[in-house]
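Opened the notebook to look at how two chains meet. I'll jot down what I looked up as I go.

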Amino acid sequence: MKKIGENMKIMSKKVKIFGKQISVIAIALLAMAGLASAGLLSYYGMITGTATVKQSLVISSDGSTWKECTGGSYDACKLTYDLGEMVAGDTVTIEKPFYLKNNLPVNEPWDYVYFAYKYEIPENLYDGLTSFKVSYEASTNVPNTCDKVAEIPLDIFKCDGTTCSAMIPDKLGEGMIQKFCGTTIGLKANTIPDTYTITIDIIPVERIESNVMHFGPNGWAGWSCPIGTVVVGGETIRADNTVKCSVSQELPWKPGASVDGVSYPSTPFGYTYDASKNEQGWIVQNDNDHEDCIIYVYCAK
Amino acid sequence: MKRSLVAFGIVFLLMVNIASASVLTYYGKIIGTAEVSGPTFYASNEDITGTLYKKLLINQPPSALGEISFIDGTSRSFGSGSLNVNSFYRPKFDFHVTAKVNDATIPRPLIVRVYVWDPSTTTNIIQPAICEVMVNITSTSYDSYTATCSGTSLLSLNPNYGFLWEIKGGAGLASITYSINLDGYTRFVVSSA
């Protein structure tokens, strides 16, 4: 009895925590609640899943062994070629093919992976170029032929004193394989003899869709890339179908661009690009009619 | 309440940052290495119409083969077409000549020079020569000789201009006759000095 009485005495005691008087009973109750809650279920069950994300666009040197940047390792998706010898003053075709495959399953609606070829050439070699052409072919199987040739205009390259680079947008449909067959390079007689490294990065491109533009005759409109990305191309499609709009001119709008006496960051339609943020986009002039069009801008980091 | 919203915002931005940092920079990278060598100029037996010069072909071995002979103190020249460039790096010329003389009792010097010239006027040879070197011909039958000389500076050119290769007998003895075989070996290669 005496013992119980002593316990009761303890329970009626108070302790001081952070300057406040708190009863020992209250502390004991809180501790018990804590113990009880620790014993409750955290969850009724656990489902663990593992997903392997495959790269949408993969590359290969032979059209059969496909490489991707597994785990973000860029060494795993790198192809290296010895392009051999070129003589200044000559036009040389270098046949070192590589392949790109769109890994997406073929589903309706037909979809594309948008990307860009980013060419990087040492400035000394660029200064010696007279022409730069690439040949390619795309098919649902590994292409055997190389019938398509595209000339890369030399004036789209931008140089920084060491390297010159240009980005060419492209797209590849679901399940399609593109063969990059080779490059034809024309060299001036005064190209400085040296060993040069040329790189082509296959970079992801974002396709930005504009609102519907209600063009009047010869009217201008444009659409910007997200800030932090650069324009690599664009196209203007009719709003009611997939046919190209009949435009009189369309061009990337970025530092250095000018048209009809108007220079970046001003535009022919009155908007001023934010040059301080390197805002870039695609601007379009309609031909002499009324047309509703959507501008698609291709932007890359 | 406001504080917790700000905290949520910061966490969300951090998560977006982490997510965007893990997006691919590229799908693939192709790296190619190429060796660019300077042009080769071949002496051809084909005449340049209306001149005493013969053609100097860029990167193209001649189809018109043959031999030319000239007496000491005179020369033969080979002119290229327009180079279509505004400048040329300081050049080094590596000459290769198949030659002989009619008297090789002692070595007979052959003077080799390269000039800039304007092939559109054919008379406009820019003086002085870019460089000059002597080759001693030591045989009365055809043999291969090499020599090298370099320009002193970067060449500033009109796009119409080309190179003129002059080969001249320098023995100081009129009885000496030099012969050059225009066989595809007789050429010079340009590199950066």
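**Chain A against chain B**

I started with charge pairs and found that the count between chain A and chain B is one salt bridge, meaning a side-chain nitrogen of Lys or Arg within 4 Å of a carboxyl oxygen of Asp or Glu. A:Asp201 and B:Lys29 make that bridge through their side chains, at 2.8 Å, N to O.

Housekeeping: this is a predicted model, where local features need pLDDT of at least 70 and side-chain atom pairs count only at pLDDT 80 or more, while totals for chains, interfaces and linings use all residues. Residues are numbered from 1 along each chain as written, chains are lettered from A and ligands numbered from 1 in the order written, and side-chain values use heavy atoms, without hydrogens and water.

Next I checked B:Lys29 again and saw that it is the bridge partner of A:Lys78 in β1(B). The strands β4(A) and β1(B) (residues 28-37) pair in the parallel sense over nine bridges; pairing needs at least two DSSP bridges, and strands are DSSP runs of E, at least two residues, numbered from the N terminus.

Then I looked up the whole interface. I get 43 residues of chain A in contact (heavy atoms within 4.5 Å) with 25 residues of chain B. The buried area is about 3,200 Å², with 58% from carbon and sulfur atoms; that is accessible area (1.4 Å probe) lost on putting the two parts together, summed over both. In chain A, A:Tyr74, A:Asn190 and A:Pro193 lose the most area to chain B, together 18% of what that side buries.

How values were computed
Helix = DSSP H or I, 4+ residues; strand = E, 2+ residues; numbered from the N terminus.
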